[in-house]
Structures are given as C-alpha cells and as structure tokens.
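Thank you for making the time this morning.

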Amino acid sequence: MDELLTILKNNALEKPETIARMLNLSVDEVKKRIAEYEQQGVIRAYQAILNVDQLDLNQVTAVIEVKVTPEREGGFNRVASRISRFPEVQSVYLMSGAYDLLLFVAGRNLKEVALFVSEKLATLDGVISTSTHFMLKTYKHHGVLMETESADERLQVSP
Amino acid sequence: MPTNDSRSLHSFIARHVVDIPRSGIRDFFDIVSTMKDVISLGIGEPDFDTPWHVREFTVFALEHGATHYTSNMGLLELRRAIALYVEKTFRASYDPEKEILITVGVSEALDLALRALLNPGDEVLYHEPCYVSYRADVVLAHGRPLTVETRRDNDFRLTRAMLERQATPRTKLLLLNFPNNPTGATLRKEDLEEIAAFARERDLLVITDEIYAELTHDGEHTSIASLPGMKERTIFLHGFSKAWAMTGFRLGYACAPPELTEAMMKVHQYTMLCAPTMSQKAAIEALTKPETDVKVMADEYRRRRNLLVRGFEDIGLPCSRPGGAFYAFPSIGHLGISSRDFALKLLEEEKVAVVPGTAFGACGEGFVRCAYATSMDNLQEAMKRMGRFVKRLKNS
C-alpha cells in the first residue's frame, strides 16, 4: 500500500505539510495525490473513531448473519446493496462459510433492531434466514484499543 | 600509618574502575528525572511496545515452565532460528551448535568478546562518537582503547585511512558499530570492503555490533562478516532490543568461529551461566514469525527521520542525514555554546531533553544526540521548541 495511505489510515488529520516531510515529497505533490485518491474513491471518508461505550448514547449494535439466495446474473450483489442502503445498517460484508452476509446494525434499543430485522430485512426477496447477536462491549474498533494505554514507562534518558 | 578501619572505602576500589568516568548519560538522567512534562529526545530505546504476540508467547512460556537454566550456549532451537535469520539477513552462515552464543544483550556479548580476547595492554581500535560502553568495556578488560574520530564533514563515515593513522603493531581488535549510535551513520559498501582489507592485512579481529541493522533507512545494510575472508576473523554481535523493541528482555547473541565462541562461552558460563530462559523463548517467537513487526517500526522510524532532518534544516542546525538507527546528531558548535550547556539550557528553558554529544566521546563536542524514538507529535513539538531556543541563542 502507498505509504501516504498508511499514514492517513493511521491519522486522517495528519497535515499535508507534515506528510510531505515524512515522505520527502513536496506539499503540492501530497495534496495532489490525496485529491486523486479521493476522486478515484480509494479514500471514501474521514471519520473519528469514538469510544461509544463512554457516551451513554442509548444505542445498541446488532451483528446479524444473513443467508440469502444468490440471483442468476448478479449473485449476492443486488440484495447486498439493497441491504446496504438502509441507514441503520453500518456495515455489510460478504462472507464465506455458514452464512452469506454479515451486517452491523445500529438501533436505539433491542426492539427497534428487532423490528428492522422482522419487517425490513427478513422480508426482502432472496433473504432466507437471519441470526441476530447483540454487541455488549467494544474492546477494540478499527485497530484502536478502547482502553487508555499505559504511560511511557521508559527511563527519560538512556544510552 | 593508617589502621585498617581508617582505610577509606574508595581506596578499596580497583584503580582501573576508579579511572573510568561516570557515564555522561547518567549524569544527565539525574537532572531530567527531577523535571516534569519534558519531551525527551534522550531515550536510546524504541517507543514501540514489544510486539504483542511475543509478549503473549512469553507469558505462555512462563506458564509452561520456562523458568529453569538453559545450556550455557542457549536454547538450541533459538540458535537454529538465529542461524537461519543471520544467513538470510546478513549473508553469513554460522553453525548453531558451535558458532552462536546467546547472551544477555549485545552488552554482555561485547564484554565477553573483549574479556576473552584481550591480554593486558592489547589495543582496540574503535570509532567515536560511539555508544557509551565501548571505551569503558575495553578498559575493564584491561585493554587499551585507540580512538578514531569520525567527523561530520564526512557524514561520520569510517575509512581505512583513518584507521591506518591510529593503528600500531600492538593493535589486536577493531570494534565497529554501524548503523551508529549516536550519529545514525552507516557505512558504504566500498568503505567497508577497504576496512575489511585493512583488518586482513593487519591480521586484526573485528567485533561488529550491528544491533541497528534492520533500521537502515537508505539502501541495504551490509555486514562485514559477509565479506570474503572476514567471517573467520569477525565476531558478529546482534540482538533483539532495537528492531523488535525488546530492550527489557535483555537478549543478544554473538556469532563467531568455534574457537572464539568457545572462549567467550567460558567467560559467559562462569559469570552469567545463561541468558534468561523466558527471554530466549520470546526471541524464538520473534524470529520465527513473519517480520512485519520489524518492518512497520522501521518504516515509521524512517518517516520520523525525514521529518526531523527537515526540521533541523528549518531551524538552522546542520545535521548529517542519518542512514540508520533512530538517532540524529545535529551540530550546535556554531552557536558558541558547549554541548552540555546547550542541553542543560534547552532542558531548562524549553523542557526538551537531548543528550550532549560529549557523552559519546570527546569529539562529540559541538553536537547533541536527538533520538527519534518518540511519537511524531512529540517530534514536531520538540522541533518547535528547539527552533525558538536556537533563535534566542543566535540573537543573544
């Protein structure tokens, strides 16, 4: 992967001026490449990673395994993209193994998610069955630990 | 005539130990450790944590009883893993049964090599600025250190001509450390070839401390042990502290021809017995898993190096581009202040800790060592503060 993307993936707020220094490039070159990645759709969005558990949001997240019948010409894509368009659906992945699609769905409470599953999801053409699990606590999200890491325990000066 | 009980304790201490000066780094540490909110560029160890799989495996090993002595040489499984790694990475092949000795860090390996090889008065050629232990270790082994000073106008390279000027018929060993602490200097292959030729012609043994080899930022690292006719006269030292961020595990190794390994082993067996068993287990885990750990860290050091070098340019501190390790050695000589005063004032006024170059040898005067084993944010803040500080010095 382009080192520029490695840096941004690690910290999307890194300034082009700083990135230019790290990579020995000109600032203009860095800005140009970032713009290109955005245009090509390689970079799709910049988001903050929150520790939702700290926020008391009245929100639950369900992980839902979905079995679907693949369609002739189109396979899983059509039903997957239909599902993806629901705003309560956070993530959708096509999986190998015992089920086909894995969904992360957010709702205000258990009932709201249950309604979404029974009324919207399960009734979609092609959906054979669903299996819903509720998330209890987040320990790590997108490579970021949710607990504060310990302070630097190194000696202040060493050879 | 003083009676026995009036004899001062100081007079009991061996003369050659008394003569060794206190490390300039310890001195500085004492001052820094009394202060709060300091950004330290003075730390000679990685800021990364030891890769989790290594730590996790160490716990597993402890649970499963890795708490006894190992053979003096170290676990054979580890020596075999090291043999494979050194062959692949450094292009030098060693017999894990007879030519690899596991030690408590490169520090112990160096001490063993010097004690095993030096008769009182034998001379050791080494280059300064260098790691703080070299000179002291030579003296502790009753050898005579011969200093070759590397210079900034030459990017702190070491050349055959510089060695020739210092060598005498009593010179027995040549001690090398590239990539270098504190300058970050690396050697060009052609320089290394000439140095090797010099060692062969003068019949010198070479001790090479290549602890920073994996953190080579430009080009490829070449080990002197891989050059023709050198393996048989080289003691190759390496370990896990820097590239794997395993400083506290205290694990290193020496690779050398069987006779030399045997001699070092003798000293090791009577003084250390063996390296910590759980650390040896950890090292097996570190070596036998893919090297992505090392690469991720090395890439980050290189990016920081780039950032820092540009930063020094901006604030007007001339600095050779460090080719490896995680140190930059900018020059402050033109500011009309000693390295020590620069470091003290910078600490006092801007709360940034750097190490005076003189801690690494007299020719380090006029320089400070800045370790970039700290976060990008810290580096940027430190550069800002140093910039302010240098500006004030120039205007005063």
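Let me begin with the word contact: two residues are in contact if their C-beta atoms, placed from the backbone, lie within 7 Å. What you are looking at is a predicted model, in which local features need pLDDT of at least 70 and side-chain atom pairs count only at pLDDT 80 or more, while totals for chains, interfaces and linings use all residues. Residues are numbered from 1 along each chain as its sequence is written, and chains are lettered from A, with ligands numbered from 1, in the order in which they are written.

With that in hand, which residues does A:L155 touch, not counting residues up to four places away in sequence? They are B:F29 and B:I43. A:L155 itself sits in the segment after β6 (144–145) of chain A, where strands (E, at least two residues) and helices (H or I, at least four residues) are DSSP runs numbered from the N terminus. With 17 other C-beta atoms within 10 Å, A:L155 is partly exposed; on this scale a residue is buried if 20 or more other C-beta atoms lie within 10 Å of its own, exposed if 12 or fewer, and partly exposed in between, the C-beta atoms being placed from the backbone. Between the C-alpha atoms of A:L155 and A:E65, which are 90 residues apart along the chain, there are 49 Å.

Taking the contact of the two chains as a whole, chain A gives twelve residues and chain B gives 22 residues. On the side of chain A that touches chain B, five residues are nonpolar, four polar and three charged, where Ala, Val, Leu, Ile, Met, Phe, Trp, Tyr, Cys and Pro count as nonpolar, Asp, Glu, Lys and Arg as charged, and the others, Gly among them, as polar.

Staying with chain A, we have domain 1 (3–40) and domain 2 (52–138), with bounds that come from an automatic or database domain assignment. The centres of these two domains of chain A, taken over C-alpha atoms, are separated by 34 Å. Leaving aside neighbours within four places in sequence, A:L103 is in contact with residues including A:I64, A:I83 and A:V92, and the C-alpha atoms of A:L103 and A:V92, eleven residues apart along the chain, are 4.7 Å from each other.

Turning to chain B, the assignment gives domain 1 (4–49 + 293–395) and domain 2 (52–288), and their centres, over C-alpha atoms, are 24 Å apart. Here 33 residues of domain 1 of chain B are in contact with 33 residues of domain 2 of chain B. On the domain 1 side, α11(B) supplies the largest share, seven residues, and that side as a whole divides into 17 nonpolar, ten polar and six charged residues.

Within chain B, helix α2 (residues 24–32) has B:G24, B:I25 and B:F28 as its buried residues. Seen down the axis of α2(B), these fall within an arc of 95°, the arc being that of the directions from the helix axis to the C-beta atoms, so they line one face of the helix. Among what covers them are α12 (339–350) and β11 (355–356) of chain B.

A cis peptide bond joins B:E128 and B:P129, with omega about -5°, and B:P129 is placed in the loop between β3 (123–128) and α6 (133–140) of chain B. Another cis bond runs from B:F178 to B:P179, with omega near -10°. As for phi, B:F156 is not a glycine, yet has a positive value of about 60°; B:F156 is buried, with 26 other C-beta atoms within 10 Å. A:N24 also has a positive phi of about 60° without being a glycine, and A:N24 is partly exposed, with 14 other C-beta atoms within 10 Å.
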